[in-house]
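Subject: Structure handover

Hello,

Here is the structure for your files. My notes on it follow below.

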Amino acid sequence: MQACTGRWWWTGILFLLSGGPLATWALEAQPVTFAASDGLRIHAAYYPPPLTQRDPAPIVILLHGLHECRAAWEPLLAPLHEAGFAILAPDLRGHGESATTATREAVQANEAAVFRAMQHDLRGAYDWLAASPRHDRARFALVGTGLGVSVALQYTAADRSVDTVVGLSPLLAAHGLDPAGDIAQITGRRLLLVGTDEDRDAMYSLKARGEGIETRAQRGARERGVGLFTDDADLARTLASELKTAVGTPAREPVYGSIQSHVYHQPDSGWLAQIGPSNLRHYSSAEEAQRRGLRAAKSGGPRQRGTASPTRDGPAPRP
């Protein structure tokens, strides 16, 4: 298993985006902890966006596979950083530094409840990222491998603010999760499933259940999941570029909603004061929200003086 403790350094040699000379640099992880939405303490590695980036950065959460940990994503970190993302790679419960005796034993026993509860880990990861004004919550991506794909699809079915999901070597039905059922509920997003010839049945079965799904078989690849990066040296850079395109550019006319409802609100809506910080979601435009199944609120809500603008100050406090 990959080492998941301490401060890691990832060193890579990259071409500058301008096409200039080679640049050698190191990307340092910031170890962080946060509470999952059910209170469990989760450990993660955070990689801030480039200091030269003026606009708030799009966010991406990386979800490892079974019996792996956040270190599995090392090959993808530098390309995502170069693409301008703020990156959070958690150790899911029962894995790495997030494992307790109880959750580790539950994973080893393949108890469905512990895998379903990983939704709480992902919800807490989002809340941690959402707290920083350096992050653009209207541009939100998930990347998973194996078990992590199933966790990502389950979350995306509930949270319409996810713009795109990339899944490496997805599973059909395992660990008590239902990715086929979840993917059927996802609309208006770009989903990309990548795998080996061995993964084709799962990828095509999932594609048949949803919409906007692209599958890509890496023919001749010997390693599944994050091992695909070893077989194809260009894959990490390609996926980072496609993620950047999928989340789009900074929103000029954003709208807002709650993860618990099917309506969206304009920035000056009085209803925003009624939405708690953990439930507030950002969308790049009204058109984007509508494509994902949301409808416009029928009224602007109560007028409240001093209501904070979610675009500048985050959501107003719950009354």
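Asp231 is partly exposed, with a relative accessible area of 26%; that class lies between buried (under 20% relative accessible area) and exposed (over 50%), with a 1.4 Å probe and protein chains only. Asp231 forms a salt bridge with Arg222, and the closest N and O atoms are 3.2 Å apart. A salt bridge here is a side-chain nitrogen of Lys or Arg within 4 Å of a carboxyl oxygen of Asp or Glu. Arg222 is exposed, at a relative accessible area of 72%.

On the source: this is a predicted model, in which local features need pLDDT of at least 70 and side-chain atom pairs count only at pLDDT 80 or more, while totals for chains, interfaces and linings use all residues. Residues are numbered from 1 along each chain as its sequence is written, and side-chain values use heavy atoms, with hydrogens and water left out.

Overall figures

The chain has 319 residues, of which 54% are buried. It contains 10 helices and 14 strands; these are DSSP runs numbered from the N terminus, helices being H or I with at least four residues and strands E with at least two. Of the contacts between residues at least 6 apart in sequence, 69% join residues at least 24 apart, a contact being heavy atoms within 4.5 Å.

Salt bridges

There are 17 salt bridges in the structure. In one of them, Arg93 pairs with Asp38, with 2.9 Å between the closest N and O atoms. This pair links distant parts of the chain, 55 residues apart: Arg93 is in the loop between strand 6 (86-90) and helix 2 (101-108), and Asp38 is in the loop between strand 3 (30-35) and strand 4 (41-47). Arg93 counts as buried at 5% relative accessibility, whereas Asp38 counts as partly exposed at 40%.

Another salt bridge joins Arg237 and Glu82, the closest N and O atoms being 3.4 Å apart. Here too the pair links distant parts of the chain, with Arg237 in helix 9 (residues 235-247) and Glu82 in helix 1 (residues 74-82), 155 residues apart. Arg237 is partly exposed, with a relative accessible area of 35%, and Glu82 is buried, at 16%.

Arg190, Glu214, Arg216 and Glu242 are linked in a network of salt bridges.

Strand 13 and strand 11

In a regular strand, side chains alternate between the two faces of the sheet. Strand 13 (residues 280-283) is covered on both faces: Leu280 and His282 on one side, and Arg281 and Tyr283 on the other, are all buried. Strand 13 pairs with strand 11 (residues 255-258) in the antiparallel sense over four bridges; two strands pair if DSSP finds at least two bridges between them. Arg281 in strand 13 is the bridge partner of Gly257.

Asp136

Asp136 lies in strand 7 (residues 135-145) and counts as buried at 11% relative accessibility. Not counting residues up to four places away in sequence, Asp136 touches Pro56, Ala57, Pro58, Ile59, Pro250 and Ala251. The side chains of Asp136 and Arg139 are joined by a polar contact of 2.8 Å. A polar contact is a pair of N or O atoms within 3.5 Å; within protein, one must be able to donate a hydrogen and the other to accept it, and residues adjacent in sequence count only if both atoms are side-chain atoms.

Regards
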